[in-house]
Amino acid sequence: MIIQSPPLLSSNCSTKCRLQYYILLCFRLQYVLVQSLHAAFVAVVVSFAGWLLWWWNELWYAVPHNRQQTDGGAKLPPGYMGLPFFGEMLSFLWYFKIIRRPDDYINSKRRKYGDGVGLYRTHLFGSPAIIACTPSANKFVLQTESSFPLVWPSLEIVGATSLVAVEGASHTRVRNFVVRAINQPDSLRKIALMVQPRVIAALDLWSRKGRVTVFNEAKKVTFENIGKYFASFEPGPVLDTLDELFKGLLDGFRAYPLNFPGTTMHRALQCREKAMAIFREELEKRKKFGVGKDKFDLMEGLMEVKDEEGKQLSDIEVLDNIVSLIVAGYVSTSLAIMWAFYYLAKFPLVLDKLREEHMPIAKKRNGDLITYEDIASCKYTSRVVEEIIRLANIAAFFFRTANKDVEYKGYKIPKGWKVICWARYVHTNPDNFEDPMCFNPDRWNEAAKPGSYLVFGGGSRICAGNMLARLQVSVFLHHLAVGYRWELVNRDAGMTYLSHPKPNDGVEIDISKI
């Protein structure tokens, strides 16, 4: 309210008139004062509420732990824990989804808090967390499973007896079974021959189409090979049904763990149950009628393999591990194949070197399938594969949970907090790899720095199928190098980083036979 200057009161104005005027003036001044105080109060309340929201997670999670430092305890790593409920997810999405510079998320922390010991506190994915982003910090976490176990929001979705869920002696036992079935030379020899017919047929089909989207097509051939190798399923209605079921199941791994009708998690669990029923029917059929001697697949391998004491896996262990291995290998293998097309199109000199290595093998085989030994002899191919999967960063992070308070180099990792091993940053940090964003297979002429190569995880939970994954990419590289030429349709396609890194177009190519 604006108060105008009072008019001069005439000398003949009565005392009563003067009194009324000054009373009115006082009321007006009081009103202005109350309005001003109210505005100031609102500003203070809003400012305080904003301050409280900004620092709530710090007050709730960090302050109690840092207070213990005064009693001689270790302090929390530096960092900021974000807003209530959201934590730093908005900042995370800003770097990964909006400006699409994911490595700047960690770079921003290094600039603000310094390098320290490679640990930062935060609140991400619904939980207070410690980020580990250096080789030494990640090695400490991944190799100390007794303190940092892998904890799933829901065991139902991964299978309670699967390799990724069991711990301790049970994990060692199941892992030994799985490794023997898919990751040893005897198994890899059979797999190398088994997957090639579909790879050859797929590439021939793509060349006849002329233009394809590699990611979509790679998923098809990958799942066909999975069906063949895991349970001897041929392309048809059963495999098509399983494909749809596993797409629904995979959605559940990225969903909030709420299980009631209508939720993504509920649908994922239903898909898992139906997929399990299909594999269970096949398993029961084999137990009843047996399997032909010429048939070798993962189901048969897991049913027959024995440990040192002659014990075998139970039926539910066989089924849980088949389903969890499909989940682990389906999309990741498809992405690796997609990136192989991408980088070889971008770096033709690397493709030329691959052709030099593979043409003599193709001539020697004269149309026959290459063998596991052929692939193992290709040293340059091995380096190309390592570089593809390093830059692909298919698994950007690994999650662990501290089951007790742990101290690392003077900093505290509190019990119950998540630990996020930021593998992507380890692979893209110039401190670990020279010119890290350049595709350079020759960097693998020398071994990587200890702890700086985490594409398959680390510690006792390193991927049990890591050699199988390398083999499948190598098989594709051989048949590509000796038989095909291709170009990227969109050489400057933008990148998407969530949920997995890939070009926006899924790597669309024009492909033809040489």
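The model contains three cavities of 30 Å³ or more, a cavity being a set of points, on a 1 Å grid over the protein atoms alone, where a 1.4 Å probe fits but cannot get out. Grid points are joined across faces, edges and corners, and a volume is the space filled by probe spheres set on the points. This is a predicted model, in which local features need pLDDT of at least 70 and side-chain atom pairs count only at pLDDT 80 or more, while totals for chains, interfaces and linings use all residues. Residues are numbered from 1 along each chain as its sequence is written, and side-chain values use heavy atoms, with hydrogens and water left out.

**The largest cavity**

- The largest cavity has a volume of about 60 Å³, and its lining, meaning residues with an atom within 4 Å of a point, includes Val195, Thr222, Asn225, Ile337 and Phe476.
- Two or more lining residues are given by each of helix H7 (185-209), helix H8 (214-231), H12 and H17, where helices (H or I, at least four residues) and strands (E, at least two) are DSSP runs numbered from the N terminus.
- By class, the lining of the largest cavity divides into six nonpolar, four polar and no charged residues, with Ala, Val, Leu, Ile, Met, Phe, Trp, Tyr, Cys and Pro counted as nonpolar, Asp, Glu, Lys and Arg as charged, and the others, Gly among them, as polar.

**The second largest pocket**

- The second largest pocket has a volume of about 400 Å³, a pocket being an open set of points with protein on both sides within 12 Å along at least five of seven lines.
- Its lining has 27 residues, and Tyr343, Leu391, Arg424, Met437 and Tyr497 lie nearest the centre of this pocket.
- Helix H12 (315-346) is among the elements that supply at least two lining residues to the second largest pocket, as are helix H3 (103-113) and strand E9 (495-496), and H12 gives the largest share, four residues.
- The lining of the second largest pocket has 15 nonpolar, five polar and seven charged residues.

**Individual residues**

- Tyr497, in the loop between E9 and strand E10 (502-503), counts as buried at 17% relative accessibility, where buried means under 20% relative accessible area, exposed over 50% and partly exposed in between (1.4 Å probe, protein chains only).
- Not counting residues up to four places away in sequence, Tyr497 touches Phe96, Arg100, Pro102 and Arg424, contact meaning heavy atoms within 4.5 Å.
- Tyr497 and Lys97 are 400 residues apart in sequence, yet their C-alpha atoms are 6.8 Å apart in space.
- Arg100, in the loop between H2 and H3, has a positive phi of about 55 degrees although it is not a glycine, and Arg100 is partly exposed, with a relative accessible area of 37%.
- The peptide bond from Leu498 to Ser499 is cis, with omega near 5 degrees, and Ser499 lies in the loop between E9 and E10.

**Confidence**

- The mean pLDDT of the chain is 90, and 95% of its residues reach 70 or more, pLDDT being the predictor's confidence in each residue, from 0 to 100.
- Over residues 1-6 the pLDDT is below 50, and this stretch has seven contacts in the model beyond near neighbours in sequence.
- Where pLDDT is low, the predicted coordinates should not be read in detail.
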